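Please find below a colleague's note for the file. It is arranged as numbered points, to be read alongside the sequence and the coordinates.

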Amino acid sequence: MASLIRCPHCGARPKEEFTIRGAAVTRPQPDAGEDAWYAYVYLRDNPMGPFDEYWHHTSGCRRWLVVSRDTRTHETYGVRDAAAVAGESRS
Amino acid sequence: MTAYRLGQGGRIDRSRTLGFTFDGTALSGHPGDTLASALLANNRLLVGRSFKYHRPRGVVAAGAAEPNALVTVGSAGRREPNSRATMVELHDGLRAESQNRWPSLNWDVGALNGFLSPFLSAGFYYKTFMWPASFWEKLYEPFIRRAAGLGRASYHADPDRYEKVWAHCDLLVVGAGPTGLAAALTAGRAGAEVILADEASEPGGSLLFDSASVDGQPAGQFATQILAELATLPNVRLMTRTTVFGWFDDMVFGAAERVSRHVSQPLPGQPQERLWRIVAKRAILATGAEQRPLVFPGNDRPGVMLADAAVSYARRFGVGVGRKVAVFANSDAGARTAASLQAAGINVVALVDARVGHPAAVTVPRIFSGGVVSGTSGSRALGAITVRHAGGEDRFEADALAMAGGYSPRIHLACHRGGKPRWSDAHQAFLAPEGLAGLTLAGSAAGARTLGECLSQGAAEAAAVVADLGHTGTAAQFGAVDGDVPEGSVRALWHVPGGKAFVDFQNDVTVKDLGLAVREGFSDVELAKRYTTTGMATDQGKLSNVNAIGILAEARGVSPAEVGTTTFRPFYTPVSFGALTGSSTGHHFQPVRRSPLHGWAEKHNAVFVETGLWVRSSWFPRQGETHWRQSVDREVKTVREAAGLCDVSTLGKIEIFGADAAEFLNRVYCNAFAKLPVGKARYGLMLREDGMIYDDGTTSRLDENHFFMTTTTALAAGVMNHLEFCAQTLWPDLDVRMASSTDQWAQMAIAGPLSRAILQVIVDEDLSDENVPFLAAKTVSLFGGQLEGRLYRISFSGELAYELGVPAGFGEAVADALMEAGEPHGICAYGAEALGVLRIEKGHVTHAEINGTVTAEDLGFGRMVSQKKVDFIGKHMLEREGLVDAERPRLVGVKPLNPEQSFRTGAHILAKGAEATLENDQGYVTSSAFSPHVGSTIGLALVTRGPDRHGEEVVIWNALAGETVPGVLCDPNFVDPSNEKLHA
């Protein structure tokens, strides 16, 4: 697990300031159907390697972030604001 | 062995004497001594008993790797077990006690284990304590527990403070020996921010006892000169007594600074220890190398110690470890040791060199080329040794034996992030993994063998780092090194066959134990460690691991490279719980949240209860009330008949703004919010995506684009996080912003039929039902315009009721004014207990019911769930089979048939006449209270088809308490079911 997270708003901050929610999965459209919703709510990958997660800078700027890290090396190679990520996936 | 204080030499201050005690005996030493050197100076050779066989043991090392000399230091709350005597600095009044012995160190009953040793071999516990199973609890476990551990922890509270601190630097240099000093000097001169950390009290490392000289200066003087220059560089911070114990991700290092352990109690304002987290752009490990013991029969007798330790005691502490010292080595370190000891005036009687054909450049009475020590004798200390050589065996007197078995670079930190060490045949040692980003090793930690190499490597590595970081600087240059005797060729000598030879002193692991592990199939290094316990406990095998690997390799007929090492993990040396805990102890373990109305509650004699971080007023006893129920019953009745005031400031409060705030609320609540009119409050139900209820509360529309949400006390933070998640990740296109205002508002509930009249005294606006109807929410003027507040006509009690919010700082004054206004009406303060009774009487739910397993339908809120909305959190899982099952437990009231009987929360519901079994369980009581209104205990319960069974007789079954109470299911609204009072 990383020791420092480079928050795009606050800079490098200790991981204790953050709360991890888990995999950064995309919420399905309302009409996506039962299977898509079931997968969204219950099914999670447990990848060995690159992994995107939602982290909340709870004791900092209170922004939700998408932290990209490698579960094997603990390397953190990307920290982006979740709103920006959501914007990208929509456009 | 007869150890003694030398007549001269050492870095101790002989002008001052320090008194200390060991096992109650008064002894003395000098400033600069460690407990170990002071004990040796007093000829106290036996300092501890080994873990398993309780064998007499003496000091082996002079530093952090010491496996034997573990003592308990201090008393009461400052009692510190398992302290390494080699790291404990002597101070006046120090109290030390030996461990793992009874009744005394000299006469130890546990030593009988030594006679049982044929039966106590590796895996003994696994093999012996197998059967019968019934023996475990009464016999085996107590026995193992009593035998386990060495020192005993104190039962007293630690009186001292501990701190946690962050530090940042360009370069962290770990170890202030020759390599570290050269590195720090180079980087410091170049202007880099440098932290130089060393675990010892005095920086200098091996320079403090090395007999070589640099540029004509003795090594110690050379160290002093470099330290003097470092002290002039403001960008270099030297941290002594600071052990860097771990290398963590993102170049964060953990370090423990023993700020006050060298004095009897911390200086004013100083902590006992400080835990550092050091963020370094780069780091150089200049941690040196650990000398290895040799494994030969009788090698654990007090008096047998590492060669460098013997030299260190002589040259640094002015202590001769014996009057007749023998040296045993497998390299030129033997001749070097003999020469160093002789130069300090110590009598060396023999040099045993395991190699053939390496003539020693030293004059010693007995020199054995190609010889090995094959035995030792002496009762509690070394008296004689036996040397086996080509010409046979010689036995002669020796009271100390200095052993040099080669060096193992201290690579621990370099392996903490998962890198695997590499075996080097040339070094006969494991070296650090290659390609470590940000961290390099230099000096003997990297396999360097001479002082000159250490100095030049340290300087060169630092020069490379600073250049990389954009500074300009050159590697520090030092004069010629003179008198340095390199180790030369090393003969791999993993063990000398014969009698009992110890590999791991602390865990009493012998060569035979490792052989047994291999024969029984536990030859993998990780298995062998666990089977034999080699490398475990406080020293983590600093001296033993490589020897154990060598012996395993020999037994398996492979190279140590193939055996490999066990995993290196933090901590390098033990770190106290105090340091890790920091200031988070006792009252400071977590923050205490007091309501803005805490002072008001205190004035009314409140009894407080801790709920999470909050301190809430629970009830308010009055004169003559001796039982809490008397107070709570009175408070409940007063609210139903007159009026009461309750502090509800702990409820979560969130201000929500934005053009899309209404749409946002519409999506996070399952019921409709888009069309909530300005000036109105609405009860809202929040679901989780899996369809279960998450939280509830009221949300008011104060303005077109401004809402005020309340949450339950328990989930105030959780709901805030949830709303932020929804706004930022799910619907970032919505124009909505929110802020928690829980701590900004003092909020009070004024409930009861007379609440309107009381409130009207301080509220300027007309409070008539027409002007402020049920669920009105508006900003009001108070005290003739002196203050503004927010008034909500909402009710948790079922009575005519309001909640009034005022800025937190005014809370107590406003509550006082309301109590004064209410006095003629008989107002009372009521607490969380009465609030609970009032809500149970009305069938209102809290998290006792919203326990993560209930749906809106379960609680009778089915009609609230919007059918029109396309989307809201939790909508899409609601139709699953399990969630619409007609048999689901649903909310219902329950009361005893006989009002004299009562039942408790958690009791289960059985159909009348059904056998009391789990199969017949139909649900359980979620909340219960004595209802003064009903005149009996009442409860809310989640029961299969509960709402369809009002009037049905059931059995309330509490198997834990052995209680069975006949009861009846009923409407959960026990008071005023038509809600007339609410709308009055």
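The points below concern a predicted model and go from the chain contact to the sheets, the salt bridges and the backbone.

1. Contact between the chains. Chain A and chain B bury about 2,300 Å² between them, and 54% of that area is on carbon and sulfur atoms. On the chain A side, A:Leu4, A:Arg27 and A:Trp64 lose the most area to chain B, together 25% of what that side buries. The contact involves 25 residues from chain A and 26 residues from chain B.

2. Charged pairs across the contact. The rule finds 4 salt bridges across the interface of chain A and chain B. One of them joins the side chains of B:Asp871 and A:Arg27, at 2.8 Å from N to O. Both B:Asp871 and A:Arg27 are buried. A:Arg27 is also among the residues of chain A that lose the most area to chain B.

3. The sheet in chain A. Four strands form an open sheet in the order E3-E4-E5-E6 (chain A), with antiparallel pairing. Its edge strands, E3 (19–23) and E6 (76–81) of chain A, each pair on one side only. From one strand to the next the twist averages 30 degrees. E3(A) and strand E4 (residues 50–56) of chain A run antiparallel and are joined by 4 bridges; in E4(A), A:His56 is the bridge partner of A:Thr19.

4. A helix of chain B on that sheet. Helix H19 (residues 716–730) of chain B lies across E3, E4 and strand E5 (64–70) of chain A. The helix runs at about 80 degrees to E5(A).

5. Strand E16 of chain B. Is this strand mostly covered or mostly open, and how many of its 13 residues are buried? Strand E16 (residues 273–285) of chain B is mostly covered, with 10 of the 13 buried. Strand E9 (residues 162–174) of chain B pairs with E16(B) in the parallel sense over 12 bridges, and B:Leu171 has B:Arg282 as its bridge partner in E16(B). Strand E15 (residues 252–257) of chain B pairs with E16(B) in the antiparallel sense over 6 bridges; here B:Ala255 stands opposite B:Trp276. E16(B) also runs parallel to strand E30 (residues 439–441) of chain B, with 3 bridges joining them. In that pairing B:Leu285 stands opposite B:Leu441.

6. Salt bridges within chain B. Over all chains the structure holds 56 salt bridges. B:Glu625 forms one with B:Arg634, and the closest N and O atoms are 2.4 Å apart. B:Arg634 counts as buried because its relative accessible area is 17%, under the 20% cut-off. B:Arg55, B:Arg57, B:Asp300 and B:Asp508 are linked in a network of salt bridges.

7. A pair between distant parts of chain B. The side chains of B:Lys981 and B:Glu799 meet in a salt bridge at 2.9 Å, N to O. The two residues are 182 residues apart: B:Lys981 is in the segment after E53 of chain B, and B:Glu799 is in the loop between strand E45 (787–792) and strand E46 (801–807) of chain B. B:Glu799 is buried, with a relative accessible area of 1%, whereas B:Lys981 is partly exposed at 27%.

8. Backbone points to check in the display. The peptide bond from B:Pro570 to B:Phe571 is cis, with omega near 10 degrees. B:Phe571 lies in the loop between helix H14 (560–563) and helix H15 (577–581) of chain B. B:Arg241 is not a glycine, yet has a positive phi of about 55 degrees; this residue is in the loop between strand E13 (236–239) and strand E14 (242–248) of chain B. B:Arg241 is buried, with a relative accessible area of 19%. B:Asn979 also has a positive phi, near 60 degrees, and is found in the segment after strand E53 (963–970) of chain B. At 24% relative accessibility B:Asn979 counts as partly exposed.

9. Annotation. An unreviewed UniProt entry carries the annotation "domain: SoxA A3" for residues 499–581 of chain B. In the model, the end C-alpha atoms of residues 499–581 of chain B lie 46 Å apart, and the span is 46% helix and 6% strand.

Methods: Residues are numbered from 1 along each chain as its sequence is written. Chains are lettered from A and ligands numbered from 1 in the order in which they are written. This is a predicted model: local features need pLDDT of at least 70, side-chain atom pairs count only at pLDDT 80 or more; totals for chains, interfaces and linings use all residues. Side-chain values use heavy atoms; hydrogens and water are left out. Buried means under 20% relative accessible area, exposed over 50%, partly exposed in between (1.4 Å probe, protein chains only). UniProt positions are given in the numbering used here, feature names are shortened, and annotations may be inferred rather than shown by experiment. Two strands pair if DSSP finds at least two bridges between them. Axes are lines fitted to C-alpha atoms, for helices over the stretch in contact, and angles run from 0 to 180 degrees between N-to-C directions. Contact means heavy atoms within 4.5 Å. Buried area is the accessible area (1.4 Å probe) that two parts lose on being put together, summed over both.
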